[in-house]
Amino acid sequence: MTQLNYKDKNSFLYPRSSYYGQVKAKNLVFNANLQKFAQKVGYISSLETGGKLSPEEAFGKIEALWEELERSKNKLEIGNDVSV
């Protein structure tokens with residue numbers, strides 16, 4: 001029963017959506033990174049709204065997350081597919 005509660009709690013705190021795009025390994029990895037980014041931005045926004053982070057701190061954290069996501073995109077070469 002404890003395991004079930006842990007799984008429910010984990011699903012609640014870290015929801016994942018299904019991927020409906022073109023199924024390639026790099027797209028799936030980027031999608032997971034994008035969902036992680038969105039989730040963390042949501043947490044940071046809530047902390048800032050609740051007064052636990054200053055707007056400057058929140059912006060800095062979100063900017064760092066964005067740069068991490070951008071590095072992931074570049075490393076996975078997402079968007080570099082050129083059709084002739």
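**Close-up views of a predicted model**

**View 1. Packing of helix 2 and helix 3.** Helix 2 and helix 3 (residues 55-76) pack with their axes 10 Å apart and at an angle of about 180°. The two helices are therefore roughly antiparallel to each other (a term for angles over 145 degrees). Axes are lines fitted to C-alpha atoms over the stretch in contact, and angles run from 0 to 180 degrees between N-to-C directions. Helices are DSSP runs (H or I, at least four residues), numbered from the N terminus. The model is predicted: local features need pLDDT of at least 70, side-chain atom pairs count only at pLDDT 80 or more, and totals for chains, interfaces and linings use all residues. Residues are numbered from 1 along each chain as its sequence is written, and side-chain values use heavy atoms, with hydrogens and water left out.

**View 2. Val41 in helix 2.** Val41 counts as buried, at 19% relative accessibility (buried is under 20% relative accessible area, exposed over 50%, partly exposed in between, with a 1.4 Å probe and protein chains only). Not counting residues up to four places away in sequence, Val41 touches Ile62 and Leu65 (contact means heavy atoms within 4.5 Å). Val41 and Trp66 are 25 residues apart in sequence, and their C-alpha atoms are 9.4 Å apart in space.

**View 3. Glu56 in helix 3.** Glu56 counts as exposed, at 60% relative accessibility. Its C-alpha atom is separated by 33 Å from that of Lys26, 30 residues apart along the chain.

**View 4. Tyr43 in helix 2 (residues 25-49).** With 38% relative accessibility, Tyr43 counts as partly exposed.

Conventions: Parallel < 35°, antiparallel > 145°, perpendicular 65-115°, else oblique.
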